[in-house]
Amino acid sequence: MNRAEALKKVFEKIETVCIKSGRNPCEVELVAISKTFPAEDVMEVYQAGMRVFGESRAQEFRDKVPQLPSDIHWHFVGHLQTNKIKYIVPKAELIHSVDSLHLARALSDYAQKKGVVSRILMEINTSEEDAKFGTAMDSAIDDYLEIANLPALEACGLMTMAPFTDDERAIRRSFTRLRKIREQIAGQMAEERVAILSMGMSNDYPIAIEEGSTMVRIGSAIFGPRGR
Ligand SMILES: *Cc1c(COP(=O)(O)O)cnc(C)c1O
């Protein structure tokens with residue numbers, strides 16, 4: 001299967017799962033995660049019509065973005081160290097992976113200096129695995145309210161990564177937790193300030209859509225397996 005066909009399959013699957021779970025397919029946005037793949041591979045998916053791509057490594061983002069057409073909407077989805085913010089802001093239209101107050105403050109300071117507003121999601125560790133990045137669930141609501149008030153950030157919602165496991169219940173639990181945290185936050189501020197739920201990757205996006213995902217981040221199901 002070539003990448004154009006793989007992309008089409010993913011769109012069809014999103015539509016099927018939406019319809020089966022009583023959702024409108026327009027509610028779920030696809031972000032093609034191109035990490036580790038060179039610009040010519042990204043171009044293949046671009047030629048098939050895709051315009052929204054995500055990267056997860058700061059240097060790779062910095063190096064790849066200028067090699068590709070300027071009408072691509074770039075997202076950043078990986079762990080970000082504060083000393084690499086300059087590679088990402090203002091080029092990324094959405095940063096999914098704000099995993100600490102420390103990073104949020106540094107992002108806001110940098111964006112303010114540049115005279116821009118950065119759109120961000122707060123990443124929450126819903127699987128409670130130590131190895132995963134993300135704000136702890138018990139401080140998530142307070143942290144979100146604080147991040148949403150930073151001057152140069154526009155908080156748009158939440159992101160999570162499910163545990164890496166075959167246990168469907170554990171994966172679903174992770175997504176349900178994110179949805180519930182969103183509902184709690186939405187009770188405390190304007191709902192559009194926490195509109196996006198970024199959850200679901202190649203192996204688990206059907207479950208994520210059933211649990212209310214509005215943005216799926218899909219790499220290998222479109223690009224093929226990653227070598228590194
Ligand atoms: C790599 C990555 C993805 C995509 O993973 P696949 O399993 O290849 O779909 C999604 N989100 C984040 C944060 C990633 O790092």
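Is T176 buried or exposed?

## Residue T176

T176 is buried, because its relative accessible area is 17%, where buried means under 20% relative accessible area, exposed over 50% and partly exposed in between, using a 1.4 Å probe and protein chains only. This is a predicted model, in which local features need pLDDT of at least 70 and side-chain atom pairs count only at pLDDT 80 or more, while totals for chains, interfaces and linings use all residues. Residues are numbered from 1 along each chain as its sequence is written, and side-chain values use heavy atoms, with hydrogens and water left out.

T176 belongs to helix α7, which covers residues 168-186; helices are DSSP runs (H or I) of at least four residues, numbered from the N terminus. A polar atom of the T176 side chain lies 2.7 Å from the backbone oxygen of R172. Although T176 and E210 are 34 residues apart along the chain, their C-alpha atoms are separated by 9.6 Å.

## Surroundings of the ligand

The residues around the ligand include I33, S56, V77, M161 and R217, where a residue counts if one of its heavy atoms lies within 4 Å of the molecule. The shell divides into five nonpolar, four polar and three charged residues.

## Atoms beside the ligand

The ligand taken alone exposes 390 Å², of which the protein buries 92%, with areas from the Shrake-Rupley method and a 1.4 Å probe.

Conventions:
Ala, Val, Leu, Ile, Met, Phe, Trp, Tyr, Cys and Pro count as nonpolar, Asp, Glu, Lys and Arg as charged, and the others, Gly among them, as polar. Helices (H or I, at least four residues) and strands (E, at least two) are DSSP runs, numbered from the N terminus. A polar contact is a pair of N or O atoms within 3.5 Å; within protein, one must be able to donate a hydrogen and the other to accept it, and residues adjacent in sequence count only if both atoms are side-chain atoms.
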